[in-house]
Amino acid sequence: MNNFLFVAAENDAIPNCKAGGMGDVVRDVPRQIAEKGDSAHVVVPSYGRLHQNGRLTTTLHVDLRGIRYAAELYEVPPKKEFQNIHHYVIHHPEIEAGGIAHIYHDDPEEPFFTDFIKYAIFCTAVAEAIRVNAFGQLNVVHLHDWHSSLLLFHRAYSRDYSSLQNIRFVYSIHNLAIQGIRPFEDNYSSLQHWFPEISIDYEGLKDPRYQDCINLMAVGIRFADAVHTVSPSYREDVMKPSSPPEFIGGEGLERDLQKANKEGRLFGILNGCNYKNINIESKGQIYRNTVKAIFKWLQEESKKYKADFLAHTGEKIMQYVGNRPKFIASSVARLTEQKFYFFKRSPEAFEEILQRLKPVDGIFILLGTGAPEYEKLFRELSYKHQNFIFTNGQSESLIDSMYLESDLYFMPSLFEPCGISQMLAMRNGTPCLVHHTGGLKDTVEHMKTGFSFDGKTFDEKITDMLAAFDLALDVYQNDPTTWKKIKANAKRKRFTWKKSVDRYYENLYQL
């Protein structure tokens, strides 16, 4: 039996520990490993809350800032029990919950200031837990994004953790754009301040653009035994320099990725999608679930500042309870530049989409929270357009209803490492309209399982996006045979974790 450890910032196998697609991956891959008869351990930070229903297994003593720290390792109950899978959290008072999904901090003046601190404590405690065999003898440690890459720093430079060199380390890139860049020194949240006993290898650790900073995403790429992008096309994209907004590629790390590729360490393997034991909402519940979510949010103190808007959304959705529209276009995503840059820069293009929905008695439903400027934009558009419903919150039952009951799922991501939303929509037989980039072009085939748009310039992309939307509406209205075929093709597609994890074993894990 092989023994695996997954180290990440999110894990949707335990309650209230997900902000994005990483949480899905860290939930699903260990389940597939367990099905193979191997053992998986998953550890995430407690964020001051996730340890409360757990069982203390050990106290870990580590040196940080020249001080002896004591962090606690708890085994915690998952949402659903699976044999040979164990879930843990690391608790320490300085590993705080952030404002984003009660996980990440958003420090606008010094990006990653608070997050670097909590993940420095977390990674060092995990290194100690590995050293003392808290997870047993490990064959593979699988790290996810920059939050876990300090384990590779310890493996390379800490005398206390040189034993980690005997274990295979794999590093998955979920979002290359978020890199965890912090100063080497002269800052409370700096490498030298937290690890004063370790000599800094400036050349080996520096960011390609900010020479006085460590880049933790680069640490993962440079020091892992295998580096993994979450789709084959994203692997190709990130080895090219970015030229925004037309193309988002390596984001300054393309040379590191080219080197990893040349060394045979870079692999592009598509994420999977869960097709078993999934929550199925009943048909016809989308408006009821919207209203339920709105009433719930109205009672939350943190939502008081947008109570007027939530009431406006509730009033708008009520008209559709008894008079349902004939066509629903929808999107579910965090409101960020990655997901909705096209609409932020060209809101008139989104308004044109809303106009084109009117002749087919169509509406557009968008669900999400995120950057204040994006929330403001979509609130203003909702007040302005009767057929745009912006549900400014998070509700799993409503999200499930949207995937199930939409006629067209819209995913205009500026870039997309893999994407899970398009797979979840396709799982329900909902065609998707996507930007032809990254994992989206690996999963959606134009006029076969959905629709896609592209272009060499920003203006060409906008023009092609509107043309693709017109095409989708035309097929829906005037060619029902083709529409049904596209829906059936989308529903038949299977992006299984079995297929993905088989490739993990062969290429990443080399077992």
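The dialogue below takes up strands, a helix and aromatic rings in turn.

Mentor: This is a predicted model, in which local features need pLDDT of at least 70 and side-chain atom pairs count only at pLDDT 80 or more, while totals for chains, interfaces and linings use all residues. Residues are numbered from 1 along each chain as its sequence is written, and side-chain values use heavy atoms, with hydrogens and water left out.

Trainee: In which sense do strand 3 and strand 4 run, and how many bridges join them?
Mentor: Helices (H or I, at least four residues) and strands (E, at least two) are DSSP runs numbered from the N terminus, and two strands pair if DSSP finds at least two bridges between them. Here strand 3 (residues 55-64) and strand 4 (residues 67-75) run antiparallel and are joined by nine bridges, with H61 standing opposite A70 in strand 4. The two strands form a hairpin with two residues between them, and R65 in the turn has a positive phi of about 60°. Strand 4 also pairs with strand 5 (residues 85-91) in the antiparallel sense, over four bridges, where Y74 has V89 as its bridge partner.

Trainee: What does R65 lie over?
Mentor: A charge sits over a ring if NZ of Lys or CZ of Arg is within 6 Å of the ring centre and within 35 degrees of the ring normal. R65 lies over the face of W194, at 5.2 Å from the ring centre, and the charged end of R345 sits over the ring of F458, 3.9 Å from its centre.

Trainee: In what order do the strands of the open sheet come?
Mentor: Six strands form it, in the order 14-13-12-15-16-17, and the pairing is parallel. Strand 14 and strand 17 (450-453) are the edge strands, each pairing on one side only. Strand 16 (residues 432-435) pairs with strand 17 in the parallel sense over four bridges, and H435 has F453 in strand 17 as its bridge partner.

Trainee: How should I read helix 10, and which of its residues are buried?
Mentor: The expected span of a helix is 1.5 Å times one less than its number of residues. Helix 10 (residues 307-318) has 12 residues and reaches 17 Å from its first C-alpha to its last, close to the 16 Å expected. Taking buried as under 20% relative accessible area, exposed as over 50% and partly exposed as in between (1.4 Å probe, protein chains only), the buried residues of helix 10 are F309, L310, H312, T313, G314, K316 and I317.

Trainee: How many aromatic pairs are there?
Mentor: A pair of aromatic rings is described by the distance of the centres and the angle of the planes. Rings of Phe, Tyr and Trp (its six-membered ring) pair if their centres lie within 6.5 Å; planes under 30 degrees apart count as stacked, over 60 as edge-to-face and the rest as tilted. By this rule the count comes to 40 aromatic pairs. The rings of F327 and Y476 have centres 4.7 Å apart and planes at 75°, so this pair is edge-to-face. Because F327 lies in strand 12 (residues 327-332) and Y476 in helix 17 (residues 458-478), the pair ties together parts that are 149 residues apart in sequence. F327 counts as buried at 0% relative accessibility, whereas Y476 is partly exposed, with a relative accessible area of 24%.

Trainee: Is the pair of F342 and F458 stacked or edge-to-face?
Mentor: The centres of these rings are 5.7 Å apart and their planes at 25°, so the pair is stacked. F342 is buried, and so is F458.
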